[in-house]
2 protein chains.
Amino acid sequence: MRHTISVLVENKFGVLTRIAGLFSGRGYNIDTLNVAPTQDPNTSRMTIVTRGDDAALEQIVKQLNKLVDVLRVQDFRDGEYVDRELVLVKVSVDSMSRAEVMQVTDIFRAKIVDVQPKSLTIEVTGDEGKVEKFIELMSTFGIADLTRTGKVAMPRK
Amino acid sequence: MRHTISVLVENKFGVLTRIAGLFSGRGYNIDTLNVAPTQDPNTSRMTIVTRGDDAALEQIVKQLNKLVDVLRVQDFRDGEYVDRELVLVKVSVDSMSRAEVMQVTDIFRAKIVDVQPKSLTIEVTGDEGKVEKFIELMSTFGIADLTRTGKVAMPRK
């Protein structure tokens, strides 16, 4: 089962190491993770996407809540939330395929952010389904490079 | 000095903990970090934004290169690159301020992704300057919640 966990932490030295260690110490793999300051520079928010059985994850959430630098843990398993991800894809193009890649980019409301003689770098944002579909379509043209931020999530209420 | 470092790693258990530990072990704070698989599910790319003196960072880059699971390290200090970040901002609105928030959203080509009676959740993407400016403008209306992915970067060539 897939989980999206949001952890609000104090923006202190070594917090990331402790939290990452908590997951790896229990044999829990992290699919994606990101961490950045919130509107308050003293706190950061981490969003972690992970996969594994529910009981083990519940243990991890309990452990997270015990860490002194952790202010709040939200497990988005059930709740209503908005989630988004940003991906930069460098797609190989030639004079034949460029127009087609541009068409698909347009359909996905993605943005071309760089043009080189033999490649286009495209920024696509959306939920997981949209982003995965775009990557799948681009892979038919040839993906030279790809970097993704991992998911961020926010409760609707 | 601010640095943006991209680290291509094997998608293996515990790699994140080792890399985060390398930074915190040397007293180097991480501003933002994200990690997610690339187009090859066996590899992940981390983008780390950090701040500190160049000599210490050079040491960290050397140490990173020695880790067996690290495939490539790029320090984007000098090079030409594209960088982007995604931020979700929940802005408090009332019937008076809603239209104004929507105007600013439009100017920044940001997207409203959720509407609640007393808030709008907005997705904004761009380089650091744009994103920071948007957050600054929104803070005059009142930011109820904010989550950002941290920067991802890709060399132009």
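In the predicted model, B:Glu128 has a relative accessibility of 22% and therefore counts as partly exposed, the limit for a buried residue being under 20%. B:Glu128 belongs to helix α4 of chain B, which comprises residues 128–139. Leaving aside residues up to four places away in sequence, B:Glu128 makes contacts with B:Arg2, B:Asp83 and B:Lys151. The C-alpha atoms of B:Glu128 and B:Gly52 are 18 Å apart in space, with a separation of 76 residues in sequence.

Strand β1 of chain B (residues 2–10) runs antiparallel to β3(B), and 9 bridges are found between them. Within this pairing, B:Thr4 has B:Val49 of β3(B) as its bridge partner. Strand β2 of chain B (residues 30–37) is likewise antiparallel to β3(B), with 7 bridges joining the two. Here B:Leu33 is bridged to B:Ile48 of β3(B).

In chain A, helix α3 covers residues 98–107, and its buried residues are A:Val101, A:Val104 and A:Thr105. These residues lie on the same side of α3(A), because the arc that they cover around the axis is only 105°. Exposed residues A:Gln103, A:Asp106 and A:Ile107 are carried on the face of α3(A) that is turned away from the buried side. The cover over the buried residues of α3(A) includes three strands of chain A, β5 (81–92), β6 (111–116) and β7 (119–126), together with helix α4 (128–139) of that chain. Just after α3(A), the backbone at A:Arg109 adopts a positive phi of about 50°.

Chain A is superposed on chain B by a rotation of 180° with a shift of 0.0 Å along the axis, at an RMSD of 0.0 Å. This is the relation of a two-fold axis. The C-alpha of A:Asn34 is the nearest to the axis in chain A, at 2.0 Å. Both copies use the same surface, as 100% of the contact residues of chain A recur in chain B.

Terms used
Residues numbered from 1 in each chain as written. Chains lettered and ligands numbered in written order. Predicted model: local features only at pLDDT ≥ 70, side-chain atom pairs only at ≥ 80, totals over all residues. Heavy atoms only, no water. Buried < 20%, exposed > 50% of the residue type's maximum accessible area, 1.4 Å probe, protein only. Helix = DSSP H or I, 4+ residues; strand = E, 2+ residues; numbered from the N terminus. Arc of directions from axis to C-beta. Contact = heavy atoms within 4.5 Å. Least-squares fit on C-alpha atoms with pLDDT ≥ 70 in both. Pairing = 2+ DSSP bridges.
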